[in-house]
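Please keep the sequence and the structure at hand while reading.

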Amino acid sequence: MSSSYDYDEADGHGQMQLSQQDVAYDPNFVPDYVKSFVVHLYRYIREKNVYEIHQMYETSFHALSDRYFKETPWPSVDAVAHYVDNDHVFCLLYREMWFRHLFARLSPTLKQRIDSWDNYCSLFGVVLHGVVNMQLPNQWLWDMVDEFVYQFQSFCQYRAKMKNKTEQEIALLGQYDKAWNVYGVLNYLQALVEKSAIIQILDREKEGLEQFTANDGYDYDGGSNVLKVLGYFSMVGLLRVHCLLGDYQTALKCLQPIDTSQQGVYFIVIGSHIATIYHYGFACLMLRRYVDAIREFNKILLHIYMIKQYHQKSSQYEQILKKNEQMYALLAICLSLCPQVNLVDETVNSQLREKYGEKMARMQKFDEEAFAIYDELFSYACPKFITPSAPSFDEPLVNYNQDAYRLQLKLFLYEVKQQQLLSGIRTFLKVYSSISLAKLANYMDVDEPTLRTILLTYKHKTRAVDSDRKIISNADIDFYIEDDMIRVVESKPVKRYGDIFLRQIIKLEGVMNNLDSIKLE
Amino acid sequence: MEREMQKQQQEESSYTVEQLVTFNPYNPDILPDLENYVNEQVSSQTYSLDANLCLLRHYQFEPDRMSIQIVSHILIKALMAMPAPDFSLCLFLIPEKVQMEEPFKTLIVLSHYLETGRFHQFWDEAAKSRRLLEAVPGFEQAIQAYAGHVLSLTYQKVPRAVLAEAINIEGPSLDKFIEHQAVNSGWALGKGQLIVIPKNEFNHPELKKSGGDIVPLEHIARIFPILG
């Protein structure tokens, strides 16, 4: 996962990585440890030894980067090429890692951003032509798609800050207008989805005709997993790009072939799992499908709680924690707009109370202070929205990198404000089992016609439209009007005895099996 | 016969646009097709959210090609799709600067009234913008359907005056409307000035299907090896 999602990214020309001032960098010098690294990696890829590739990719690369390349890039691809038979595809892979390292640790220049785009075009081009015969670890394939989208997002942010651009940069931008063009990015992701036929594969799998998920995406028939798995992860890539553009409906549509209620290949790599659920949940939040968002956030936050200790040494640990915190913030927002606390697990709930208990209490007051907190949490947790269009090169040059974010925030707060009166109603509905319209209007200090509109608003806002365009209720507490009386209906959480028994049966069986397998001396 | 052929041609071309949106949505060349499709939706009283979102995205990618009239038609169509949140979904894709101008400012106000059940204010404001809204046939009926929907979520019996205000019909026309609903949607005239709305799970809680203790077969299948 990429390590920096800050809005304010350095512009590149102000930073020194290749300026040879502090650290001497000779792109053509290949130390022995790099030579050894590329030679071994190349061999393992040729041998299709996925386990070793994974070790080198996940562990060695980061260890070497940490030790020797903290402030400089790795040696250039031209310098290492002859150690690996000048293999075209290996060089593309090496370059991809090279740029990823650059983006993570240092600040890329505009030219480097453009070169990285070219590399992705070549790499994806090779994959799409179907000539790749490798098996690569899922982690690597996920990182490629993730990084591709990240660099696109980063480029849009960079490009939108026109104020301090040099003439040279502006000229380059104009000249290379195809680099990181939104159409190009989307079309590559779409092409990977289509060429891999991943949607058909997942469909056939449901009928037992394919073994994609069962094999973790790997191909045990002597073929390659690269196109298929890239196609699979590209669906998550499309989900992400559409969220960045503010098109939540299409974002969910792109993810539709993946069933998040089940485990799948998206689940295997922690980065992909988190990215999928985070964006899915966020899209649901903006679509007012609060219950769906709460369910998904709850599941993943519980999952992260259980497994995060195993990722402590991973290079992605920080990112995992960051996303964890962001999702707690989003969960706090969802629960304040749709108080369905019975959907949240004990563990998650106690964490939530700890982090946001006080803020949630204030958010549910729906006053000015509450709106400020909604603003704060949304801004903290939202994706880094982008403006996909090319800048106008007319004077005066302005920074417009915050425009997209400001629009989404504004519309979100608008929705929150429309729900202002609902919490008042909810308080009364909790207390009364029935109350006359006149009396309630009196208590709420409004006239009866206004009360009627408030009640209609409550009914409308506590419904959501799901993916099949059906209307479902979000309401934890509901009512209907009979003559002049409001009758309150509380939905009690139904205890699912069936599920409880099933779980205990399976658990007991597990215990008995364990006992059976113990041999006593 | 000619009308049949025209309709079939229309069906064929909208089939093609839907295909474009599904299989080739990120192609800047389809923008004119999407724009024509919006006009078609308006004139034939059909609707496609996906195609319209696709067009709004293209406008986002190339703001110079945006047509104010087409966008306003898309938004009006989205209003007509209520209670679905389509209007908001479209707004997410329209730049802030554009939203602050007419006719979008008015449309946003209209949406606000509908979202907060303020039908009286809605119809007042709509009357002021008659020319804008008349360009899209079926607008009035769609909003009346939405009004009826929200009322049926809320009331078992709705007072005539409340209904009249919500759908902006009074007098003999209102009687006709109620009659029509009685035939097609099961409404009935109750005592006094009350109109009885058919029972549904939202205004009659006893009808709510309790999904509580239904255990799906797949879950039971998991323990077959244990039971067996």
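## Salt bridges within chain A

In this predicted model, A:D219 has a relative accessibility of 14% and counts as buried, because the cut-off for that class is under 20%. Its partner in a salt bridge is A:K228, with N and O 3.5 Å apart. A:K228 has a relative accessible area of 21% and is partly exposed. Side chains of opposite charge can pair when their charged atoms come close.

A second salt bridge joins A:R362 and A:E358, at 3.3 Å from N to O. Both residues sit in helix α16 (residues 346–363) of chain A, and because they are four residues apart, about one helical turn separates them. A:R362 is partly exposed at 27% relative accessibility, whereas A:E358 is exposed at 58%.

## Salt bridges overall and between the chains

How many salt bridges does a search of the whole structure find? The total over all chains is 35. Seven salt bridges lie across the interface of chain B and chain A. In one salt bridge, B:R57 pairs with A:D247, and their closest N and O atoms are 2.6 Å apart. There is also a network of salt bridges that links A:R288, A:E415, A:K461 and B:E115.

The size of an interface is often given as the accessible area lost when the parts come together. Here chain B and chain A bury about 5300 Å² between them, and 61% of this is on carbon and sulfur atoms. On the side of chain B, the residues that lose the most area to chain A are B:Y26, B:F61 and B:F92, which together make up 16% of what that side buries. The contact involves 57 residues of chain A and 64 residues of chain B.

Between the two chains, 20 residue pairs are in polar contact. Several elements of chain B supply at least two residues each to the side that touches chain A, including α1 (2–23), α7 (104–115) and β1 (157–159). Which helix gives the most to this side? It is α3(B), with seven residues. Sorted by class, this side of chain B holds 37 nonpolar, 16 polar and eleven charged residues.

## A residue of chain A that meets chain B

A:R469 is placed in the loop between β2 (463–465) and β3 (471–473) of chain A. At 39% relative accessibility, A:R469 is partly exposed. Leaving out residues up to four places away in sequence, A:R469 touches B:Y47, B:L49, B:A81, B:A84 and B:D86. With B:D86, the side chain of A:R469 makes a polar contact of 2.7 Å.

## Aromatic pairs

A pair of aromatic rings is described by the distance of the centres and the angle of the planes. Over all chains, the structure holds 38 aromatic pairs. In the pair of A:Y248 and B:F92, the ring centres are 5.0 Å apart and the planes stand at 90°, so the pair is edge-to-face. A:Y248 is in helix α11 (residues 248–255) of chain A and B:F92 is in the loop between α5 and α6 of chain B, so the pair joins two chains.

Are these two residues buried or exposed? A:Y248 is buried, with a relative accessible area of 0%, and B:F92 is buried, with a value of 5%.

## Inside chain B

Chain B has 14 helices and three strands. Of its 228 residues, 50% are buried. Among contacts in chain B between residues at least 6 apart in sequence, 56% join residues at least 24 apart.

B:Q144, in helix α10 of chain B, is buried with a relative accessible area of 10%. A polar atom of the B:Q144 side chain lies 3.0 Å from the backbone oxygen of B:I167. Not counting residues up to four places away in sequence, B:Q144 touches B:W123, B:I167 and B:I169.

Definitions and conventions:
Residues numbered from 1 in each chain as written. Chains lettered and ligands numbered in written order. Predicted model: local features only at pLDDT ≥ 70, side-chain atom pairs only at ≥ 80, totals over all residues. Heavy atoms only, no water. Contact = heavy atoms within 4.5 Å. Buried area = accessible area lost by both parts, 1.4 Å probe. Salt bridge = Lys/Arg side-chain N within 4 Å of Asp/Glu carboxyl O. Polar contact = N/O pair within 3.5 Å; in protein donor to acceptor, adjacent residues only side chain to side chain. Nonpolar A, V, L, I, M, F, W, Y, C, P; charged D, E, K, R; others polar. Phe/Tyr/Trp six-rings, centres within 6.5 Å; stacked < 30°, edge-to-face > 60°. Buried < 20%, exposed > 50% of the residue type's maximum accessible area, 1.4 Å probe, protein only.
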